[in-house]
Structures are given as C-alpha cells and as structure tokens.
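Q: Can you walk me through this one? I'd like to go over a helix and a few side chains.

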Amino acid sequence: MNDDTEEFEYEGPSKSQIKRECQALQDVGEELITLKQNELDELDLPEILYNAIQQAHKIHQRGALKRHRQYIGKLMRELDGEHIAQQLHKLKHKHDLNNALFKRLEHWRTQILEQGETEINRFIETYPDADRQHLRQLYRNALKEQEQNKPPAAARNLFKYLREIAENAE
C-alpha cells in the first residue's frame with residue numbers, strides 16, 4: 001500500500017442518515033397516533049409507548065401535540081422501532097392480504113368444482129390438514145346443487161371449509 005493513500009475507516013452513519021432514520025421512526029409514531037383503539041390493541045406495543053399514544057389522543061394544543069409526537073419518536077428510537085414499524089405495516093396491509101387469500105380460495109373452489117378429485121388431491125397436497133372425506137362430501141353436495149339449479153349454499157359451505165383450512169395453516 002502506498003503511504004500517500006489514506007485508509008478510511010467506517011465511522012457509522014452520517015448525521016443526515018441518522019436524521020432520516022429518526023424522522024422515519026417519528027412518522028411511524030404519528031401513524032400510530034392515528035390508529036383506532038381496536039387497531040392499536042392488535043399491535044404488540046411496549047406499555048410505555050402504548051400509554052404515550054393514549055396521552056396523545058387527549059392533547060389538543062398544537063404545540064403540545066408536536067412535542068408529544070417528538071417524545072413518541074424518541075421512545076421509538078429507544079425501543080425496537082423497526083419491529084413496531086413492521087407490525088404497523090402488516091396491520092395497514094391486512095385488508096390486501098385478506099383480499100389475496102379470498103381470491104386464492106375462490107380459485108381453489110372453482111377448480112375443485114370443475115376438476116373434482118384431481119383438484120381435491122392438489123388441495124390436500126397443499127394443505128395436508130384438510131379432511132379428504134369431508135372435502136369430497138362438500139364437493140358432491142355442491143355438484144348436486146348445481147345440477148338441480150338450487151342456490152349455491154353447498155358451494156358456500158365448501159368455500160368456508162377451504163378458508164378454515166387455509167387460515168389454520170397460516
């Protein structure tokens with residue numbers, strides 16, 4: 001190595017990077033404040049942060065609320081803010097996940113009704129906890145219903161069973 005070349009040591013994140021990370025955590029804290037009580041209860045928050053969010057709901061003065069948001073941001077930095085942000089993300093996107101599951105299950109039901117036994121076998125390969133005999137019975141009932149042009153009560157029961165199995169597997 002040449003003497004003129006200096007070695008650079010990593011001294012940690014820059015001031016700007018630290019500020020961005022702090023602001024991101026404060027933004028997560030502000031999102032937590034906007035949650036409804038039942039949504040807040042779904043999250044696994046440390047008690048001190050949960051109480052601070054509850055207090056924020058009671059503050060109506062603008063300057064005081066701003067200081068309290070900064071306090072929540074500080075708590076987020078001291079706690080596992082990344083874990084809390086992930087929980088919040090899951091909560092916010094739960095609706096999307098439910099829609100995706102619904103569409104996947106509708107597809108399974110349609111395929112089972114169209115393909116019969118082969119699709120039942122594929123479903124059981126994917127979800128080994130499924131009861132083959134019960135699934136076949138639901139399939140036969142749905143087919144009978146279709147043949148007799150009755151309302152699709154059995155097809156709904158098939159869907160409910162598929163959902164029950166899929167939700168238990170996740």
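This is a predicted model: local features need pLDDT of at least 70, side-chain atom pairs count only at pLDDT 80 or more; totals for chains, interfaces and linings use all residues.

Q: How far apart are the end C-alpha atoms of helix 8, and what span should its residues give?
A: The ends are 23 Å apart. Helix 8 runs over residues 132-147, and its 16 residues should span 22 Å at 1.5 Å a residue, so the two values agree.

Q: Which residues of helix 8 are buried?
A: Leu135, Leu138, Tyr139, Ala142 and Glu145. Looking down the axis of helix 8, these buried residues fall within an arc of 125 degrees, so they line one face.

Q: What do the buried residues of helix 8 pack against?
A: Three helices: helix 6 (94-115), helix 7 (117-126) and helix 9 (153-169).

Q: And which exposed residues sit on the face turned away from the buried side?
A: Gln133, Lys144 and Glu147.

Q: What happens at the start of helix 8?
A: Asp131 has a side-chain oxygen that comes within 3.2 Å of the backbone nitrogen of Gln133.

Q: Which residue takes a positive phi just after helix 8?
A: Asn149 does, with phi at about 55 degrees.

Q: New topic. How many salt bridges are there?
A: Two. One joins the side chains of Glu117 and Arg136, at 2.7 Å from N to O. Glu117 is in helix 7 and Arg136 is in helix 8, so this pair ties together parts 19 residues apart in sequence.

Q: How accessible are Glu117 and Arg136?
A: Glu117 is partly exposed, at 33% relative accessibility. Arg136 is partly exposed too, with a relative accessible area of 30%.

Q: Which side chains meet in a salt bridge at 2.6 Å?
A: Arg122 and Glu119, N to O. Both lie in helix 7. They are three residues apart, about one turn of the helix.

Q: Is Glu119 buried or exposed?
A: Glu119 is buried, because its relative accessibility is 4% and the cut-off is under 20%.

Q: Last one. Where does Gln87 lie?
A: In helix 5, residues 81-92. Gln87 has a relative accessible area of 13%, so it counts as buried.

Q: What does Gln87 touch?
A: Leu43 and Asp44, leaving out residues up to four places away in sequence.

How values were computed:
Residues are numbered from 1 along each chain as its sequence is written. Side-chain values use heavy atoms; hydrogens and water are left out. Helices (H or I, at least four residues) and strands (E, at least two) are DSSP runs, numbered from the N terminus. The expected span of a helix is 1.5 Å times one less than its number of residues. Buried means under 20% relative accessible area, exposed over 50%, partly exposed in between (1.4 Å probe, protein chains only). The arc is that of the directions from the helix axis to the C-beta atoms. Contact means heavy atoms within 4.5 Å. A polar contact is a pair of N or O atoms within 3.5 Å; within protein, one must be able to donate a hydrogen and the other to accept it, and residues adjacent in sequence count only if both atoms are side-chain atoms. A salt bridge is a side-chain nitrogen of Lys or Arg within 4 Å of a carboxyl oxygen of Asp or Glu.
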